[in-house]
Structure formats: C-alpha cells, structure tokens
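Have a look at it first, then read on.

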Amino acid sequence: YDTNFKFRSMINLKDKMGNTALHLATQSWPESVVKSLLELGANIGIKNKLREVPIERISPETMEDFLNDVCMETQGDPTNEKFKITTKFDFLVPFGTNLNNVTNSNKVNDATSSFNPIQAEIPLPETEALWYMSQSEKNWYLLKHPVIATFLWMKWEKIKSTYYR
C-alpha cells in the first residue's frame, strides 16, 4: 500500500473556507512543508472562498527549488547527444484529474475525509495556475523557467493551427 497515493488523493481537498492544505501551509507553515505538499501534488491555483490562490503566497525561491528539484530530471552528460531532460507538470492539475472528460467522477473525492470539506468544484484548466503565477509580480519570472516554458510551448504546439485558422 502506497501512503503517498493516499496523501496525493486527498491533497487538494477543501475545508469549510475552501482552503486546501497548501493554502494553510503558505499562511503559517515553514517553506519545507510547502515544498513537500507541492511534491505530493498540491495544486497552486485552487481558489478558496476569499478567491485567494496558494501561488500568491509561495516564495519564488521555494517554487523555483520545486521546479528544479522535482519537476525537472536530467539523464546523462549534457555534452553527449543522448542527454535527456524529463519534465513533470502534475503540479498544475490535481492528482487523478482527467480533463478530457469533465464529469462528477473528476471531482476530488471527499468521502474519505474526516473533516468534511466542501464538495470540490470541477477541476481547473492546467493553464489557470500559470495565469495566477503571471499575476504575481514576485513569481512572474518563473514563467521563463524551463519546466513552465516547455509546458507552454507544448500547449502552443497543440493549439497553434487553430489559432492561425
């Protein structure tokens, strides 16, 4: 039994005020806890009832460390033609979400929660979290990070033919 799987499946649940664990961590817990929650799949763009999103309170250094240490993995020597970089984008979409088929089954399941959080909303598009990042002056420069730039390039490649039409 994988304990991280259980944590990942509950990480984006909301309390009565709409706060996730990441909201609470960014308000009063050490940055190491914030990074651990990000590693477990906490979404940076979920709004609470006050319309606050965690990315507004995550320090740029913590977010950059997370992107460098967790979201980007290198294999091999950079001077070799077989050098490979693997990126992970799961911090943009809650764990277990399937955006291709938005139904009630895609909502975060709160049945296992003992604190009775509010029923989760339909999952956010993965780019909404990046929009909030772009609205934060302190985090804006992270849009140029290789992980995020790669993600945006892939999204552009997918939609550019529609845009040009």
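## Aromatic rings

This is a predicted model, and a handy place to begin is with its aromatic side chains, which form 5 aromatic pairs. Take F89 and F151: their ring centres are 5.2 Å apart and their planes sit at 55 degrees, so this pair counts as tilted. The cut-offs behind that word are simple: planes under 30 degrees apart would be stacked, and planes over 60 would be edge-to-face.

Where do F89 and F151 lie? F89 is in the loop between strand 2 (84-87) and helix 5 (126-135), while F151 belongs to helix 6 (residues 146-164). The pair therefore ties together parts that are 62 residues apart in sequence. Both F89 and F151 are buried. Elsewhere, W156, Y163 and Y164 come together as one aromatic cluster.

## The chain as a whole

The chain has 6 helices and 2 strands, and if you follow the sequence they come in the order α-α-α-α-β-β-α-α.

How much of the chain is buried? Of its 165 residues, 38% are buried. As for contacts with a separation of 6 or more, 63% of them are between residues 24 or more positions apart.

## Helix 2 against helix 3

Now for the helix pairs. Helix 2 (21-28) and helix 3 (residues 31-39) pack at an angle of about 160 degrees, and their axes are 9 Å apart. An angle over 145 degrees counts as roughly antiparallel, so that is the label for helix 2 and helix 3. The crossing of helix 2 past helix 3 is left-handed.

On the helix 2 side, the residues that meet helix 3 are A21, L22, A25 and T26; on the helix 3 side they are V33, V34, L37 and L38. Sorted by class, this contact of helix 2 with helix 3 has 7 nonpolar residues, 1 polar one and no charged ones.

## Helix 3 against helix 4

Helix 3 also packs with helix 4 (residues 60-69), this time at an angle of about 40 degrees with the axes 10 Å apart. Helix 3 and helix 4 are therefore oblique to each other. Helix 3 passes helix 4 in a right-handed crossing.

Who meets whom here? From helix 3 come E31, V34, K35, L38 and E39, and from helix 4 come T62, M63, D65, F66 and D69. The contact of helix 3 with helix 4 splits into 4 nonpolar, 1 polar and 5 charged residues.

## V34, a residue with two partners

V34 sits in helix 3. Is V34 buried or exposed? Its relative accessibility is 1%, so V34 counts as buried.

If you ignore its neighbours within four places in sequence, V34 touches L22, A25, T26, I58 and T62. Between V34 and H23 there are 9.1 Å in space, C-alpha to C-alpha, and they are 11 residues apart in sequence.

## Helix 5 against helix 6

Further along, the axes of helix 5 and helix 6 come within 12 Å and cross at roughly 130 degrees. That makes helix 5 oblique to helix 6, and their crossing is left-handed.

Helix 5 brings E126, T127, L130 and M133 to the contact, and helix 6 brings I148, F151, L152 and K155. By class, the contact of helix 5 with helix 6 has 5 nonpolar, 1 polar and 2 charged residues.

## Two loop residues

Let's finish in the loops. L13 is in the loop between helix 1 (3-10) and helix 2, and with a relative accessible area of 5% it is buried. L13 and I46 are 33 residues apart in sequence, and their C-alpha atoms are 10.0 Å apart in space.

R51 is in the loop between helix 3 and helix 4. Is R51 buried or exposed? R51 is exposed, at a relative accessible area of 59%. R51 also has a positive phi of about 65 degrees, although it is not a glycine.

Notes:
Residues are numbered from 1 along each chain as its sequence is written. This is a predicted model: local features need pLDDT of at least 70, side-chain atom pairs count only at pLDDT 80 or more; totals for chains, interfaces and linings use all residues. Side-chain values use heavy atoms; hydrogens and water are left out. Rings of Phe, Tyr and Trp (its six-membered ring) pair if their centres lie within 6.5 Å; planes under 30 degrees apart count as stacked, over 60 as edge-to-face and the rest as tilted. Helices (H or I, at least four residues) and strands (E, at least two) are DSSP runs, numbered from the N terminus. Buried means under 20% relative accessible area, exposed over 50%, partly exposed in between (1.4 Å probe, protein chains only). Axes are lines fitted to C-alpha atoms, for helices over the stretch in contact, and angles run from 0 to 180 degrees between N-to-C directions. Angles under 35 degrees count as roughly parallel, over 145 as roughly antiparallel, 65 to 115 as roughly perpendicular and the rest as oblique. A crossing is left-handed if the near helix is turned anticlockwise from the far one by less than a right angle, and right-handed if clockwise. Contact means heavy atoms within 4.5 Å. Ala, Val, Leu, Ile, Met, Phe, Trp, Tyr, Cys and Pro count as nonpolar, Asp, Glu, Lys and Arg as charged, and the others, Gly among them, as polar.
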